[in-house]
Amino acid sequence: FLKAACIAAVAFVPSIAAAACEEGEVVVKFAHVTNSDKHPKGIAASLLEKRVNEEMNGKMCMEVFPNSTLYDDNKVLEAMLQGDVQLAAPSLSKFEKFTKQFRIFDLPFMFNDMNAVNAYQASDAGQAMLDSMQKRGLQGLAYWHNGMKQMSASKPLLLPTDANGLKFRVQSSDVLVAQMEAIGGSPQKMKFAEVYGALQTGVVDGQENTWSNIYGKKFFEVQDGITETNHGIIDYLLVASVDWLDGLDAEVRDQFLSIVGEVTEARNSEAYAVNQGAKQSVIDAGGTVRELTAEQRAAWVEAMKPVWTKFEGDVGADNIEAAQKINM
Ligand code: LMR
């Protein structure tokens with residue numbers, strides 16, 4: 001492995017001047033798709049990069065590639081298995097080719113808030129999911145929080161029937177396809193980097209995302225408004241390949257994983273505030289935000305919740321029950 005790390009380091013230096021990796025350092029390329037600032041994942045990735053480069057100088061060298069500049073989320077996991085990238089944090093919605101277990105996080109209205117998501121992930125069932133893709137070569141290191149999803153479209157959305165006949169962009173998740181079909185929409189899986197253009201040109205009429213993504217990628221500029229539905233979540237898995245982790249020197253791996261743990265704790269507790277800040281930034285920039293009455297929200301719940309039954313076999317009725325208990 002050491003030989004491979006040296007070769008990687010030498011090959012890495014000329015193309016990425018800013019990283020200034022030294023020979024013998026383990027090179028860690030971390031690819032993700034969001035902004036690097038005003039975003040829970042972007043901030044966490046930058047903090048991880050800073051701490052690794054300061055505290056593990058001489059042993060490890062990290063370079064973060066935000067904004068889909070290296071890989072989009074649909075390619076990054078295959079690139080990781082080939083050793084072209086060492087770290088990624090795709091949303092839990094984007095692991096369907098590797099496991100169906102994460103589908104619980106996409107089911108609409110499954111979790112009341114991010115505290116419930118956090119508690120579920122901390123449970124034995126949630127922690128076991130980190131190891132669920134080992135046979136496929138992937139190891140979950142930590143859950144990184146973003147936040148609750150909101151709905152936006154080219155017209156006001158106050159009742160689910162307002163979504164009838166609209167084309168919605170979704171992440172690459174069959175649960176989200178079913179969710180949009182449940183409200184009479186026509187869903188289209190699409191890369192994150194293509195959403196703004198698709199909304200602008202009318203390839204799709206609407207989308208769902210967190211405040212930090214809606215603000216960071218300026219979706220509000222090309223939508224009539226955003227409805228605060230809080231109907232689902234976007235959360236991430238910080239992931240590496242089993243082979244890469246196994247190949248690390250034990251002491252290097254331990255130090256790296258302990259920094260990962262500290263960064264996760266520090267940034268997850270700030271994710272809510274980052275999203276609230278992004279919501280305010282959308283309003284300040286002239287975006288329209290609509291709130292739902294209790295009756296209107298109940299109509300969204302009623303329309304979307306039948307989706308649970310369809311995926312119960314994938315996620316387990318016992319897990320759904322455990323998640324619901326946490327909400328109480
Ligand atoms: C999306 O594709 O909308 C999100 O998964 C992007 C992200 O990483 O938050």
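Predicted model: local features only at pLDDT ≥ 70, side-chain atom pairs only at ≥ 80, totals over all residues.
1. Ground rules before anything else. Local features here need pLDDT of at least 70, side-chain atom pairs count only at pLDDT 80 or more, and totals for chains, interfaces and linings use all residues. Residues are numbered from 1 along each chain as its sequence is written.

2. The largest nonpolar core has 85 residues; such a core is a set of buried Ala, Val, Leu, Ile, Met, Phe, Trp, Tyr and Cys joined through C-beta atoms within 7 Å. Val28, Phe30, Met62, Ala88, Ala89 and Leu237 touch the most other members. Strand 10 (residues 233-241) gives this core its largest share, seven residues. Strands are DSSP E runs of at least two residues, numbered from the N terminus.

3. Take Val28 on its own: beyond four places in sequence, its contacts (C-beta atoms, placed from the backbone, within 7 Å) are Met60, Cys61, Met62, Gln86 and Leu87.

4. Strand 8 pairs (at least two DSSP bridges) antiparallel with strand 5 (residues 150-153) through four bridges, and parallel with strand 6 (residues 167-170) through two. Gln207 stands opposite Ser152 and is also the bridge partner of Arg169.

5. Around the ligand sit Val33, Thr34, Ser91, Asn146, Gln171, Phe192, Asn209, Asn213 and Ile234, each with its C-beta atom, placed from the backbone, within 6 Å of it. That shell splits into three nonpolar, six polar and no charged residues.

Technical notes:
Buried ≥ 20, exposed ≤ 12 C-beta atoms within 10 Å, placed from the backbone. Contact = placed C-beta atoms within 7 Å. Nonpolar A, V, L, I, M, F, W, Y, C, P; charged D, E, K, R; others polar.
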